[in-house]
Amino acid sequence: MPALTYEQYCEHYARQCDNCKGKRRYKIDGNWTACPCQQKAALKFRFESIPIQPEELKRLTWKDFTGRVPKKGSVISGNAYQSARKTLLGYCFNSNDEKAILSNDFDVMQERRRLYSCVLDHLQDGQNLAIFGGSETGKSLLAMIVIKEVIYASLVFGRPNVSFRWTRGSELLHAVTWDGEGKTVDEAFMWDLVATDYLVIDDVYLERKGHSRAPDVVELDRLFSERMIRSRPTIIVGEPEIATCVLGNGGNDIMAKKNLRKTLIHSWGISFFKLLSDKKTTLLHLEKGKG
Ligand SMILES: [Zn+2]
């Protein structure tokens with residue numbers, strides 16, 4: 001939950017603002033105009049409202065994705081770490097030259113975003129991102145890094161209306177499940193997910209764990225195909241078994257792969273599978289291992 005109310009964020013940002021000096025608006029050619037600090041306040045409020053657990057994930061940045069967990073050491077292989085960083089940089093900046101792009105200085109970083117950021121281009125090209133990995137591999141952190149890039153880019157390019165939503169696989173399945181006791185599909189929620197610019201679906205499991213009733217797969221199909229038609233980027237964060245369904249797993253166990261696919265399509269619908277295997281979807285696999 002946000003630490004402050006929306007109103008308090010607006011006040012807070014205005015108080016620190018040299019432009020409007022607390023007034024929240026200023027005069028241009030004799031006309032009152034909303035001060036840009038109020039757009040920042042709105043973005044900040046929406047960012048703080050993202051329902052992510054643990055909350056601390058929101059404070060983390062590029063430098064915090066190390067492939068390691070305190071006291072546990074490395075949780076993904078060195079190769080997986082290197083390639084994850086490169087892939088994610090490519091998704092956000094169209095370049096994987098880490099030295100040329102990343103900086104710890106916020107103002108330097110904003111200038112580089114102005115030059116290289118391509119996250120808002122994905123609202124036209126519809127590039128999706130699928131991040132797979134086991135627990136504690138940093139996959140939700142990577143999705144959060146992208147959402148923060150979206151927010152910072154919307155400030156740099158003066159597009160404060162870019163929207164984002166963060167939901168969990170279980171929440172989505174609940175929204176499309178009829179419980180037989182009056183709960184039907186949550187249309188308002190689903191419509192919101194269709195329309196939002198960037199959508200993160202965190203914690204996606206191959207099987208619909210904890211859901212005794214079948215979800216309305218038609219609704220899921222509509223969500224994912226609508227988003228693809230509208231070129232709205234979707235970020236899927238899921239367990240590694242899902243990767244096996246869409247990646248060439250190198251093995252010869254074709255039957256096992258087929259069964260996994262069946263399970264995936266049964267739980268999430270065919271459009272979900274199409275989105276994952278689409279050429280417009282960047283796949284990122286955080287393979288466990290040392291080294
Ligand atoms: Zn201001």
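Helix α5 (residues 106-116) packs on α7 at an angle of about 80°, and the two axes lie 9 Å apart. Axes here are lines fitted to C-alpha atoms, for helices over the stretch in contact, and angles run from 0 to 180 degrees between N-to-C directions. Helices (H or I, at least four residues) and strands (E, at least two) are DSSP runs, numbered from the N terminus. The angle makes α5 roughly perpendicular to α7, a term that covers 65 to 115 degrees, while under 35 counts as roughly parallel, over 145 as roughly antiparallel and the rest as oblique. Gln-110, Arg-113 and Arg-114 of α5 make the contact with Tyr-152, Ala-153 and Val-156 of α7; two residues are in contact if their C-beta atoms, placed from the backbone, lie within 7 Å. By class, the residues of this contact are three nonpolar, one polar and two charged. Ala, Val, Leu, Ile, Met, Phe, Trp, Tyr, Cys and Pro count as nonpolar, Asp, Glu, Lys and Arg as charged, and the others, Gly among them, as polar.

The model is predicted: local features need pLDDT of at least 70, side-chain atom pairs count only at pLDDT 80 or more, and totals for chains, interfaces and linings use all residues. Residues are numbered from 1 along each chain as its sequence is written.

Helix α7 (residues 139-156) also packs with helix α2 (residues 36-48), at an angle of about 170° and with the axes 11 Å apart. That angle makes α2 roughly antiparallel to α7. On the α2 side the residues are Lys-40, Leu-43 and Phe-47, and they meet Ile-151, Ser-154 and Leu-155 in α7. Four nonpolar, one polar and one charged residues make up the contact of α2 with α7.

Lys-40 is partly exposed, with 19 other C-beta atoms within 10 Å; a residue is buried if 20 or more other C-beta atoms lie within 10 Å of its own, exposed if 12 or fewer, and partly exposed in between, with C-beta atoms placed from the backbone. Leaving aside neighbours within four places in sequence, Lys-40 is in contact with Tyr-13 and Leu-155. Tyr-13 is 27 residues from Lys-40 in sequence, and their C-alpha atoms are 7.6 Å apart in space.

Leaving aside neighbours within four places in sequence, Ile-235 is in contact with Asn-128, Leu-129, Ala-143, Val-146, Tyr-198, Leu-199 and Val-200.

In helix α13 (residues 270-277), the buried residues are Ser-271, Phe-272, Leu-275 and Leu-276. Seen down the axis of α13, they fall within an arc of 140°, so they line one face of the helix. The arc is that of the directions from the helix axis to the C-beta atoms. An α-helix has 3.6 residues a turn, so residues three or four places apart point the same way. The buried residues of α13 pack against β5 (128-133), α10 (217-229), β8 (234-238), α11 (240-246), α12 (254-268) and β9 (281-286).

The remaining residues lie in α1, in β1 and in loops. Glu-7, in helix α1, counts as exposed, with 10 C-beta neighbours inside 10 Å. Its C-alpha atom is 9.3 Å from that of Phe-45, which is 38 residues away in sequence. Lys-21 lies in the loop between α1 (6-15) and β1 and is exposed, with 12 other C-beta atoms within 10 Å. Its phi is near 50°, a positive value in a residue other than glycine. Ser-231, in the loop between α10 and β8, likewise is not a glycine and has a positive phi of about 55°. Ser-231 is partly exposed, with 15 other C-beta atoms within 10 Å.
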